[in-house]
Amino acid sequence: MPSNRIGRINEEIQRELADQLRRLKDPRVSQVGMVSITRVDTTSDLRYARVYVSTLDKTQEKDVLKGLKSAAGFLRRELGRALQLRYTPELQFIADDSIQHGAHILEILRQVERQDGDAPDGGASGETEA
């Protein structure tokens, strides 16, 4: 029976890092506004963890990543204290644009919906099922 240990560890790392971000004093991270951790992918040997980070202000995203990379040692130490794992993974911060991509898809769907609503036959409501 396969276990979901890595998935549970990923969730714990995400939760703990989100908590640590609120206490981080680096102005590149704390002064930006909303910084959120969208996903964590840990290798099966728990040596490395990719942390996907999303920011509300996309113009300062590079500065936020630089601030997080400089604080990676501190965050790793605090993570090790909180999680009690044999190995504390090395953190690699990566910019995540999935929220922006989802908003773009939603906008496309709204445009298609408006175009269907503007159709002279009233859209797909006139079709009958066979």
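This is a predicted model: local features need pLDDT of at least 70, side-chain atom pairs count only at pLDDT 80 or more; totals for chains, interfaces and linings use all residues.
Two residues are in contact when heavy atoms of one lie within 4.5 Å of heavy atoms of the other. Leaving aside residues up to four places away in sequence, Phe93 touches Val51, Val53, Leu65, Leu68, Lys69, Ala72 and Leu75.

Several of these names come back when we turn to the largest nonpolar core, which has 24 residues. Phe93 is among the residues with the most contacts inside this core, together with Leu17, Val51, Leu68, Leu75 and Leu91. Which helices and strands each supply at least two residues of the core? They are the helices α1 (5–23), α3 (61–70) and α4 (72–83), along with the strands β1 (35–42), β2 (48–55) and β3 (90–95). In soluble globular proteins, nonpolar side chains tend to be buried together.

Now let's look at charged residues. Side chains of opposite charge can pair when their charged atoms come close. The structure holds nine salt bridges. One of them links Glu12 with Arg15, with 2.5 Å between the closest N and O atoms. These two residues sit three apart in helix α1, about one turn of the helix. Glu12 counts as partly exposed because its relative accessibility is 36%.

Another salt bridge joins the side chains of Asp26 and Arg28, at 3.1 Å from N to O. Is Asp26 buried or exposed? Its relative accessibility is 14%, so Asp26 counts as buried, whereas Arg28, at 34%, counts as partly exposed.

Arg39 and Asp41 also pair through their side chains, 3.4 Å from N to O. Arg39 has 39% relative accessibility and so counts as partly exposed; Asp41, at 29%, counts as partly exposed too. Elsewhere, salt bridges with shared partners connect Asp19, Arg22 and Arg23 in one network.

Key: Residues are numbered from 1 along each chain as its sequence is written. Side-chain values use heavy atoms; hydrogens and water are left out. A nonpolar core is a set of buried Ala, Val, Leu, Ile, Met, Phe, Trp, Tyr and Cys residues joined through side-chain atoms within 4.5 Å. Buried means under 20% relative accessible area, exposed over 50%, partly exposed in between (1.4 Å probe, protein chains only). Helices (H or I, at least four residues) and strands (E, at least two) are DSSP runs, numbered from the N terminus. A salt bridge is a side-chain nitrogen of Lys or Arg within 4 Å of a carboxyl oxygen of Asp or Glu.
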